[in-house]
Amino acid sequence: MSFDSDEVEILMSNTSVQGGVNLEDVNLEDVNLEDVDLENIVNLEDGVQVEDGANVDGGANVISSSSSGPSEPFIGMLFEDVEDAQAFYKAYARRKGFAIRTNHTRLSKDDKSLCAVDYVCTREGFRRASRKEQDRTIPEPAETKIGCKAIMGIKKDGEKWIVNKFVVGHNHILLTPRSTSFLRGHRGVSKVQKKLIMTLNESGVPTRKIMSVLSKESGGDFNVGCIGKDVENYVGNKRRKVFEEGDAQRLYCYFVDRQQKEPGFVFSMQVDKNGCMGSCFWADARSRAAYQYFGDVVTFDATYLTNIYKMPFVPFSGVNHHHQTIMFGCALLVSETAESYTWLLRTWQEAMLGRAPSTIITDDDKAMAKAIGEVLPNTIHRLCLWHILQKFPEHLAHAYNKYPDFQKDFRHCIHETITTEEFEQEWALILVKYELAENAWLQNLYARRDKWVPAYLRSTFCAGMSTTQRSESMNKFFKDYVKSSTMVSDFVHQYEKAIDARYFKEKEKDVRTKSTRAIMKTPLKIEE
């Protein structure tokens, strides 16, 4: 949907409020909108008349339509300028229940200055025949123009403007003053609302919730002055401007600026032969420092698509001394190939001062396994047990359906066996009992049992993590900050906000730990 400048009315921008408050001067950072008495805002839609000299729509002086002045136009009515006339007719249209647009403008033959303007009802005229006849892939939209004759024409008369045409009648149903706020000619997003919308959008708030906030701040849905589609259009236009500026260029500028302000911040971007951005990696100073303390075990997951380009978000995560999930850097990849993972792991290890983790936990991905074997040959590669177990009902559906005890026996074999000998014995019995000895998928999984079976990993330090659910929990956490329409340059800003929230949680735990003392179950020093 597009808006003509003559058809858009900014309902709240620069509108006077009783008591001397001007909404254009309200700064969301300094003022709580709950403190603004929105009931006292001059609102044309409810029929409250604007006082003489009130300023609407960025400087248009609305002629009084109170008892001291006319409430509707008439032939011979004078205005100081065009803006006054348009604002007066628009206010009149709002009270009557229709919207207006500029239909014709005429210029002087002498100096080409504006000399006449016709304002008509938005339902004036008819749809062009060419638009009706064109082939459509979607149904033709409903008619809006039905030949309404309502008009107010003005022309230059010396230094003033005089009404020379005025037709009252409409050939359609007029709305109530309250309902006219839904008409396009009476809708618009104010400056104050724009700031609030962008703040909420950058925090990942969806349009329907943005509208709920605007409704609350405005004192009701009818007072908002715009609809959800207007909010989507505004955000979309801002996003298109970013695309024109270059999303990758903005991202690079952000990284460079961040590195200048924070010496410990590192980043790396791949660029192809055409100059287009490829994969990128970044880590802040806090993540790099945390890795030196807690980098023994790392989870590495690439299962979450977060941005408008569908680039996989790959977080490196672990746990801190409070067993909270912490970040060791992250990346956005253009592809999930062995080459991409190899580049990422090399870049990440370089950022972590060349220190490799003792254990790395990933999902069952061949490309990822190949890259880990090449870059981190001395690191124990463990597969996510949860992901593997999720595949069993799919590949062994016949066993689950045919044998009621299969699930119980299989669970005991995986989770209850302590030694590798116990596991081997129970596994062999299950293959015979449930006729699975020839199952190729199970044979392939058994060949890699040292990477996922708990009995084989009893002596491996995993910091209490047996799955990549740490990474997945971070993915869910980031979902509160980003969405599928988030651009890459915006994503890093949202990532920074999300990380700040995580560090805040860590500080909360630090304070609680220092200000409390745990209750010991034994007098042993090791427990303390």
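## Helix 10 against helix 14

Helix 10 and helix 14 run roughly antiparallel to each other in this predicted model, because their packing angle of about 160° falls over the 145 degrees that sets the antiparallel class. Their axes lie 11 Å apart, with helix 10 covering residues 385–395 and helix 14 covering residues 440–447. The crossing of helix 10 past helix 14 is left-handed.

Which residues make this contact? From helix 10 come Ile388, Lys391, Phe392 and His395, and they meet Trp441, Leu442 and Leu445 of helix 14. Sorted by class, the contact holds five nonpolar residues, one polar and one charged.

## A ring cluster

Two of those contact residues turn up again here: Phe392 and Trp441 belong to a cluster linked by ring pairs.

## Aromatic pairs elsewhere

Searching the whole structure gives 29 aromatic pairs. One of them joins Phe79 and Phe88 in a tilted arrangement, with 5.6 Å centre to centre and 55° between the planes.

Phe182 and Phe222 form an edge-to-face pair, 5.5 Å centre to centre and with 75° between the planes. This pair links distant parts of the chain, 40 residues apart: Phe182 sits in the loop between strand 9 and helix 3, and Phe222 in the loop between helix 4 and helix 5. Phe182 counts as partly exposed at 44% relative accessibility, and Phe222 is also partly exposed, at 26%.

Definitions and conventions:
Residues are numbered from 1 along each chain as its sequence is written. This is a predicted model: local features need pLDDT of at least 70, side-chain atom pairs count only at pLDDT 80 or more; totals for chains, interfaces and linings use all residues. Side-chain values use heavy atoms; hydrogens and water are left out. Axes are lines fitted to C-alpha atoms, for helices over the stretch in contact, and angles run from 0 to 180 degrees between N-to-C directions. Helices (H or I, at least four residues) and strands (E, at least two) are DSSP runs, numbered from the N terminus. Angles under 35 degrees count as roughly parallel, over 145 as roughly antiparallel, 65 to 115 as roughly perpendicular and the rest as oblique. A crossing is left-handed if the near helix is turned anticlockwise from the far one by less than a right angle, and right-handed if clockwise. Contact means heavy atoms within 4.5 Å. Ala, Val, Leu, Ile, Met, Phe, Trp, Tyr, Cys and Pro count as nonpolar, Asp, Glu, Lys and Arg as charged, and the others, Gly among them, as polar. Rings of Phe, Tyr and Trp (its six-membered ring) pair if their centres lie within 6.5 Å; planes under 30 degrees apart count as stacked, over 60 as edge-to-face and the rest as tilted. Buried means under 20% relative accessible area, exposed over 50%, partly exposed in between (1.4 Å probe, protein chains only).
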